[in-house]
Amino acid sequence: MSISVETVATRRLPGDLAMWLFILAELSVFALLILAFAVTQALKPQLFAASRQLLDTSTGLAMTLSLLSAGLLAALAQQRVRQARPGQAALLLLLALLVACGYLGLKLGEYRHLLSLGLGLEHNTFFTLYWILTGFHFLHVLLGMLILAWLAEGCRRRRYGPGNCSGFESGVLYWHMVDLVWVVLFPLVYLLG
């Protein structure tokens with residue numbers, strides 16, 4: 001199988017280098033927090049197992065499906081931009097935002113429920129790390145939703161197209177980073193013991 005020189009020359013990393021560096025920095029912070037959670041869990045397995053029982057796994061799964069569905073819609077929107085269909089891309093991004101709102105509602109409901117049970121940041125080590133990890137991720141979801149809304153408006157104004165999609169790709173990459181982190185957080189926080 002041979003690859004032409006022209007094919008190799010036209011391949012590029014999607015998005016902007018600055019976004020890749022930002023994502024790498026954010027993933028490094030999340031990696032440290034996840035490592036802290038995993039090490040502490042190894043040191044206090046009974047506390048973590050008992051505390052984990054107070055979380056609703058089905059809510060965690062629903063949040064996972066919400067975020068991944070929004071990611072799929074964002075990827076489909078990116079495909080539409082590359083096909084010079086910005087109107088369809090804008091619609092897909094609006095659907096992604098609507099689906100992501102499901103995550104927000106579920107997470108806020110979970111937070112409210114935990115607080116009503118007195119399971120706040122200082123309850124125990126598990127919940128300290130739970131609030132830090134999921135709260136930090138929640139802030140990233142909010143930023144990701146703002147980015148998706150910005151991209152949808154850009155599509156509506158026909159700012160993006162096949163020859164001008166690097167900024168669009170960067171925004172979608174950010175959302176995929178948010179998804180990736182949650183795919184690690186969900187089993188770590190809700191399932192693994």
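Ser28 belongs to helix α2 (residues 17-43), where helices (H or I, at least four residues) and strands (E, at least two) are DSSP runs numbered from the N terminus. With a relative accessibility of 37%, Ser28 counts as partly exposed, a class that falls between buried (under 20% relative accessible area) and exposed (over 50%), using a 1.4 Å probe and protein chains only.

The model is predicted, so local features need pLDDT of at least 70 and side-chain atom pairs count only at pLDDT 80 or more, while totals for chains, interfaces and linings use all residues. Residues are numbered from 1 along each chain as its sequence is written, and side-chain values use heavy atoms, with hydrogens and water left out.

The unreviewed UniProt entry lists residues 20-39, 59-77, 89-106, 126-151 and 172-192 under "transmembrane region"; positions are given in the numbering used here, feature names are shortened, and such annotations may be inferred rather than shown by experiment. Two of these spans can be followed in the model. Residues 59-77 are 100% helix and 0% strand, with 27 Å between the end C-alpha atoms. Residues 126-151 are likewise 100% helix and 0% strand, and here the end C-alpha atoms lie 37 Å apart.

Aromatic rings come next. Rings of Phe, Tyr and Trp (its six-membered ring) pair if their centres lie within 6.5 Å; planes under 30 degrees apart count as stacked, over 60 as edge-to-face and the rest as tilted. The structure holds 16 aromatic pairs. Tyr111 is buried at 10% relative accessibility, and Tyr130 is buried at 0%. Tyr130 also pairs with Phe127: the ring centres are 5.9 Å apart and the planes at 70°, so this pair is edge-to-face. Both residues sit in helix α6, 3 residues apart, about one turn of the helix. Phe127 is buried too, with a relative accessible area of 0%. Ring pairs link these residues into a cluster whose members include Phe127, Tyr130, Trp131 and Phe138.
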